[in-house]
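My notes follow in the order I took them.

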Amino acid sequence: MKAIQVDRTGGPEVLLFKDVPIPEPGPNEVLVKIDAIGLNYIDTYHRTGLYPLDLPFIPGLEAAGTVAALGTDATDFRPGDLVAYAGVPGSYAEFVAAPQERLVRLPDGVDAAAGAAAMLQGMTSHYLVHSTCNVLEGDTVLIHAAAGGVGLTLVQMAKMRGARVIGTVSTEEKAQLARGAGADEIIRYTEQDFEAEVSRLTDGRGVHVVYDSVGKTTWEKSMNCLSPRGYLVLFGNASGPVPPVDPLLLSRLGSIFLTRPTLVDYTATREELLLRADDVLGWIQTGKLSLRIDRTLPLSDAREAHRLLEGRLTTGKVLLIP
């Protein structure tokens, strides 16, 4: 099969399009013929070695496709089932052997492209607003990169919870997308100081939670945007990792909370995975949640996809097609 393989860490040039063997499903695994692959920022962290993996490896954690074969003890699915997943490595490929407990059957009306676009970013948004910080009606939240893949779903889910949403974006095009997703206020961080604007928009009270996927260049001002006992939720490092933080800073800023969550810990059991996936896919099926697929590219163009993502030249989701 064709796949992308990384033999050494580095820039997009280390993504090699090559032939590799089709994986054999283990006893509790399902062989999935991949129809669409979700591109995520974590893929770039694996490629650069920020989140190290054993070399060589096939990147990618999210995809959707058709069940092609079953391992000896895999009884939950049948050949031909349309399935999706997040958190299964080796997804930049034509086939993947996935543990059956990580797979979700797609409901009627939700195709492979939507499944690949929804799983990682949709479930991430779900746990961020329902579990990491349980957003309540009347809360005010700040969402960085509000027109990104997670940003657009996060805006929508925060609005479902009854929150007032302030989003930061870089361009007017992205501002329009974030407003279309439901953001109440937009800050153009390329032209405005977002910390000062948050203070103005909240009459100096600050926000209940900041969802920060940018990291190094935003975290300090994000902390300053919080109301007492507010939450700084760092769930990405688009500008680089955050340096060590003195815990006393949390008390000086009003007994605030700092957390660095990951999806794997919020889908640790089959029950929790299905709860989140069923909500997200059900909202897509009924039209309550809208997905924006920015573009689709052939798997062989993975290098270009990474360049676009890291250059902040995408809005919404990018898919790779084997």
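I began with Ser255, which lies in the loop between helix H7 (247-252) and strand S13 (257-259). Helices (H or I, at least four residues) and strands (E, at least two) are DSSP runs, numbered from the N terminus. I noted that this is a predicted model, where local features need pLDDT of at least 70, side-chain atom pairs count only at pLDDT 80 or more, and totals for chains, interfaces and linings use all residues. Residues are numbered from 1 along each chain as its sequence is written, and side-chain values use heavy atoms, with hydrogens and water left out.

**Backbone entries**

Ser255 is not a glycine, yet its phi is positive, about 55°. I looked up its accessibility: at 45% relative accessibility, Ser255 is partly exposed. The cut-offs are under 20% relative accessible area for buried, over 50% for exposed, and partly exposed in between (1.4 Å probe, protein chains only).

Arg229, in strand S12 (residues 226-234), also is a residue other than glycine with a positive phi, near 65°. Arg229 has a relative accessible area of 64% and is exposed.

I then found a cis peptide bond from Leu55 to Pro56, with omega near -10°. Pro56 sits in the loop between helix H1 (41-48) and strand S4 (62-70).

**Helix pair**

At what angle do the axes of H3 and H4 cross? For helix H3 (residues 149-160) and helix H4 (residues 172-181) I read roughly 30°, with the axes coming within 8 Å. Axes are lines fitted to C-alpha atoms, for helices over the stretch in contact, and angles run from 0 to 180 degrees between N-to-C directions. H3 is therefore roughly parallel to H4 (angles under 35 degrees count as roughly parallel). The contact (heavy atoms within 4.5 Å) is made by Leu152, Val155 and Gln156 of H3 and by Leu177, Ala178 and Ala181 of H4.

**Salt bridges**

I found 15 salt bridges in the structure. The term means a side-chain nitrogen of Lys or Arg within 4 Å of a carboxyl oxygen of Asp or Glu.

Asp19 pairs with Lys2, with the closest N and O atoms 3.2 Å apart. This pair links distant parts of the chain, 17 residues apart: Asp19 is in strand S2 (residues 15-19) and Lys2 in strand S1 (residues 2-6). Asp19 is exposed at 55%, while Lys2 is partly exposed at 31%.

Glu172 and Arg179 form a salt bridge at 3.3 Å, N to O. Arg179 is partly exposed, with a relative accessible area of 43%. Shared partners join Glu172, Arg179, Arg188 and Glu191 into one network of salt bridges.

Technical notes
Parallel < 35°, antiparallel > 145°, perpendicular 65-115°, else oblique.
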